[in-house]
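Subject: Structure for you to look at

Hello,

Here is the structure I said I would pass on. Please open it alongside this message, as the notes below refer to it throughout.

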Amino acid sequence: MSTEIATVAINDEHDAVYARQRARVIAELLGFDRMDQTRISTAVSEIARNAVQYGGGGQVALLLEDAGQSQLLAVRVRDQGPGIEALAAILEGSSVSRTGKGLGIAGTRRLMDHFSIESATGAGTTVVFAKAIPAAAPRVTVDMLRHLADMLAKTTADAPETEARLQNQELLRTLEELRLRDQELVRVNENLDTANKELEAFAYSVSHDLRAPLRHVSGFSELLVTRASDSLDEKSRHYLDVISESVRQMGVLIDDLLQFSRSGRTEMKITDVDMDEAVAEALEPLQAETDGRAIEWTIGALPRVVGDPVLLRQVWANLLGNAVKFTRRRAHAHIEVGARDGNGGHEDIFWVRDDGVGFDSKYAHKLFGVFERLHSAAEFEGTGVGLANVQRIVTRLGGRVWAEGEPDRGATFSFALPRPTKAPS
Amino acid sequence: MTIELPGILLAEDSPHDVELTIEALEEHHLANRVTVVHDGVEALEYLRREGPFKDRKPGNPAVVLLDIKMPRKDGLEVLRAIRTDSALKRQPVVILTSSREEQDIIMSYDLGVNAYVVKPVDFLSFVDAVKQVGIFWALINESPPELAR
């Protein structure tokens, strides 16, 4: 059900100002808070001014919409102008109004709970928008509306100067509000930072303190083997083997976790990095694993970047190590490393492509999570920390990572690093 | 008068680690030359022949093996105290710890440690590391003259 509260004919800018005043008074009487009063009056003024400018004038109607549970203040602005041609672009906000002033339709839409627009070439434009009356405000009754109409009739239009002064006050209030929110954001950010640091310290000391008991389990089971080996039966020796193997695994896990925690905490030393060199250095320790295997390497020339050389070497070591590991079943494996321009020359994209076991793309989002693994430990060893590390490092350097793959066809891991806006001198 | 060979002072609060370290040194008959203290305060008391150690024979160990995380006074504080004590400043000190933290390593070297050894989790590597440290410092290294007083 819809009840008209007031209508304002708008033929010029003064009328638009008047419509704005009425909207604010009504919003106030209906129980909207100051911020919402400003939002509503700004929206009315914006759309009314459009109707004057582009539609040659029209009418603003302020309505109470009763939707059972909730009530809304609705505004209908109608003009008889030529209609809007690029409506879709305007709604998206990608089209800027000719005057370039104000919020435009897209901005107004953001201020409201509901927004609709009808426009036909040559048949004028009708804009309807509404905001829900706060649940805490008393429900608007017919009596209240009558009272409201009386009050509106008694209040005369303020002079434009008064309206300008009011708008100024609104602006100052909004600025103050923004300043407070800004302060709050800074505070929230600081808290997050502290929480994050605490979490890192916690992760570090947990993985650190886990090493001691692990060393003891390893040590004493080993001592047991040397001391009692002769008197132990095969089954008992097997138990001890399992203990040793599990200890070894947990040791690797803890070391990886420590490295992961460290790559998030260590201060970065940002400098010019030779990526060809970084790849060569990362390949060196892989030698033991690649010896005796037929791997065809195609390594393109890589651009220099700005980053932390130690962390970037770690990125390459993880990606190349994975490529070597997951092509293990190929009699002749191919691994490619390359780089290309990205984002219109604003970033460098690096990639490592292999023809190994690949992965199902529906799990792509899980690849970079800590301890996430797509293969069993029996198939391929690993802890699931490597790619999490890659993501963390690349993100810290302002870049992003992604992966494409297909089961049994191979995988491509890419990372993009932003190019510095100015070349370092 | 018999000449006492300088031994090894092990400052370590974990009894399990003490046991494993002594096991590792046993093979080269270094174990019977190990003196164990359980925190940093005791370590300094031993070196300065104070408190419970005031009646011990003179002469300081060939090497002090220091854990970092210890009650009362940690390994880095002990190291600092040794290097700023004119009677102890040349004492060979090896940090033997679980920590691979960069700041611990940097701090140790800044304070003038002689070596920094991370305890490997794997026992065989641990034995190997401790043995090598023991052999080198107790048998191969030439101690500063004042130790064999």
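What follows is what was found in it, taken part by part.

**Confidence**

The model is predicted. For the complex, the predictor gives an ipTM of 0.70 and a pTM of 0.52. The pLDDT of chain B averages 86, and 94% of the residues score at least 70. Among the elements of that chain, helix α3(B), residues 75–83, has the highest mean pLDDT, at 94, while α5(B) has the lowest, at 85.

**Where the chains meet**

On one side of the contact are 15 residues of chain B, and on the other are 14 residues of chain A. In chain B, the elements that give two or more residues to this side are α1 (15–26) and α5 (123–140). The one that gives the most is α1(B), with four residues. Sorted by class, the side of chain B that touches chain A has six charged, five nonpolar and four polar residues.

One residue of helix α5 of chain B is Gln132(B). Gln132(B) has 14 other C-beta atoms within 10 Å, so the residue counts as partly exposed.

Chain A has an open sheet of five strands, in the order β1-β2-β3-β5-β4, with antiparallel pairing. The edges are β1 (2–10) and β4 (114–119) of chain A; each has a single partner strand, so one side of each is left without a neighbour in the sheet. From one strand to the next, the twist averages 15°.

The β1(A) strand and β2(A), residues 58–67, run antiparallel and are joined by eight bridges. In this pair, Ala6(A) stands opposite Leu62(A) of β2(A). Helix α2 of chain A, residues 34–55, packs on the sheet and touches β1, β2, β3 (70–79) and β5 (125–132) of that chain. The direction of the helix makes about 20° with that of β3(A).

**Helix α1 of chain A**

This helix covers residues 13–29 of chain A. At 1.5 Å a residue, its 17 residues should span 24 Å, and the end C-alpha atoms are 25 Å apart, which agrees. Is the helix mostly covered or mostly uncovered? It is mostly covered, with 12 of its 17 residues buried. Among the buried residues are Tyr18(A), Ile26(A) and several that carry charge by their side-chain class, including Asp15(A), Arg20(A), Arg22(A) and Arg24(A). After α1(A) comes Gly31(A), which has a positive phi, near 100°.

**Strand β10 of chain A and its two partners**

One partner of β10(A) is β9(A), residues 332–342; the two run antiparallel and are joined by eight bridges. Gly342(A) has Glu347(A) of β10(A) as its bridge partner. Between the strands of this hairpin are four residues, and in the hairpin Asn343(A) takes a positive phi near 50°.

Another partner is β12(A), residues 410–418, which also runs antiparallel to β10(A) and is joined to it by eight bridges. Here Glu347(A) stands opposite Pro418(A) of β12(A).

**Two loop residues with positive phi**

Where is Asp408(A) found? Its place is the loop between β11 (400–406) and β12 of chain A. Phi of Asp408(A) is near 65°, which is positive in a residue other than glycine. Asp408(A) counts as exposed because it has 11 C-beta neighbours inside 10 Å.

In chain B, Arg72(B) likewise has a positive phi, near 65°, and is not a glycine. Arg72(B) lies in the loop between β3 (63–66) and α3 of chain B. With 13 other C-beta atoms within 10 Å, Arg72(B) is partly exposed.

Regards

Technical notes
Residues are numbered from 1 along each chain as its sequence is written. Chains are lettered from A and ligands numbered from 1 in the order in which they are written. This is a predicted model: local features need pLDDT of at least 70, side-chain atom pairs count only at pLDDT 80 or more; totals for chains, interfaces and linings use all residues. Two residues are in contact if their C-beta atoms, placed from the backbone, lie within 7 Å. Two strands pair if DSSP finds at least two bridges between them. pLDDT is the predictor's confidence in each residue, from 0 to 100. Axes are lines fitted to C-alpha atoms, for helices over the stretch in contact, and angles run from 0 to 180 degrees between N-to-C directions. A residue is buried if 20 or more other C-beta atoms lie within 10 Å of its own, exposed if 12 or fewer, and partly exposed in between; C-beta atoms are placed from the backbone. The expected span of a helix is 1.5 Å times one less than its number of residues.
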